[in-house]
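Hi,

Here's the structure I promised to pass on.

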Amino acid sequence: MVEQTIADAPGFSARRIVVRASSLLLAFERIALMGLMYLLTALILVNVVTRYSHFPIYWIDESAVYCVVWLTFVGASAMTRLRLDFAVTMMTERLSARNQKIAKVIATGMVVTFGVALIATCFLWMDPIGLARAGFDARKLAAETFNFLYTERTQTLNWPTWVVYLTLPIFAVSMTVHGLANLLEDLELVPRTPPKGFQLSELDGVN
């Protein structure tokens, strides 16, 4: 009995680590969402005032666009953990309770698979190994691989584009962690953890 408990301890700890990491990510995403929404509102108000005063700030439009992009990806990640992603239930609602559970596990597993595939794609795209081999010389990397990610800059803000595009790998990792936490809950390997800081009704969850 003791040996079985010891054998199960690492797996149980790993499960708790995944759920805990997902909870911490969700708490951070909540703060990030609020900050990005406040920032977007401020940018729009400043843009309206400056344009009305005939002194437009040319970089505000681009800032607002990138703010919306980050807001979208951070919100999509949080929605994954909150199970607010879209689900088509025309078929599953006609299945038995057991088959509905299997279908939900399969759907959650597909989310995890997509997240892992997106992580691999971002790794190939951003090519950190190739950048390190090039001595972190963006021009040398571009000349050898035709990957101009680290040499391009935004039009008006003049920021490195890779900084803006970091939202993709961040989203891929966070969505994968949230998907793993949801999968563990769907498999009943861990108890379902109610989200903190989000007030959801019974009708909010669709997955």
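Helix α2 has 23 residues, which at 1.5 Å a residue should span 33 Å, and its end C-alpha atoms sit 32 Å apart, so the two agree. (The expected span is 1.5 Å times one less than the number of residues.) Just after α2, Arg83 takes a positive phi of about 60°.

Before going on, some housekeeping. This is a predicted model, where local features need pLDDT of at least 70 and side-chain atom pairs count only at pLDDT 80 or more, while totals for chains, interfaces and linings use all residues. Residues are numbered from 1 along each chain as its sequence is written, and side-chain values use heavy atoms, with hydrogens and water left out.

Overall, the protein chain has seven helices and zero strands; helices are DSSP runs of H or I with at least four residues, strands are runs of E with at least two, and numbering starts from the N terminus. Of its 207 residues, 31% count as buried, meaning under 20% relative accessible area with a 1.4 Å probe, protein chains only (exposed is over 50%, partly exposed in between). The accessible surface comes to about 13,900 Å², with 69% of that belonging to carbon and sulfur atoms; the areas are Shrake-Rupley values with a 1.4 Å probe. Among contacts (heavy atoms within 4.5 Å) with a separation of 6 or more, 73% are between residues 24 or more positions apart.

Back to α2 and its packing. Helix α2 (residues 60-82) and helix α7 (residues 167-186) pack at about 10°, with axes 8 Å apart. That makes α2 roughly parallel to α7, a label for angles under 35 degrees. The axes are lines fitted to C-alpha atoms over the stretch in contact, and angles run from 0 to 180 degrees between N-to-C directions. On the α2 side the residues include Trp70 and Phe73, and they meet a set in α7 that includes Phe171 and Met175. The residues of this contact divide into nine nonpolar, seven polar and two charged. (Nonpolar is Ala, Val, Leu, Ile, Met, Phe, Trp, Tyr, Cys and Pro; charged is Asp, Glu, Lys and Arg; the others, Gly among them, are polar.)

Two loop residues are worth a look too. Most residues other than glycine have a negative phi. Asp127, in the loop between α3 (97-126) and α4 (128-133), has a positive phi near 45°. Phe146, in the loop between α5 (138-145) and α6 (161-165), has a positive phi of about 60°, and Phe146 is exposed, with a relative accessible area of 64%.

Cheers

Definitions and conventions: Parallel < 35°, antiparallel > 145°, perpendicular 65-115°, else oblique.
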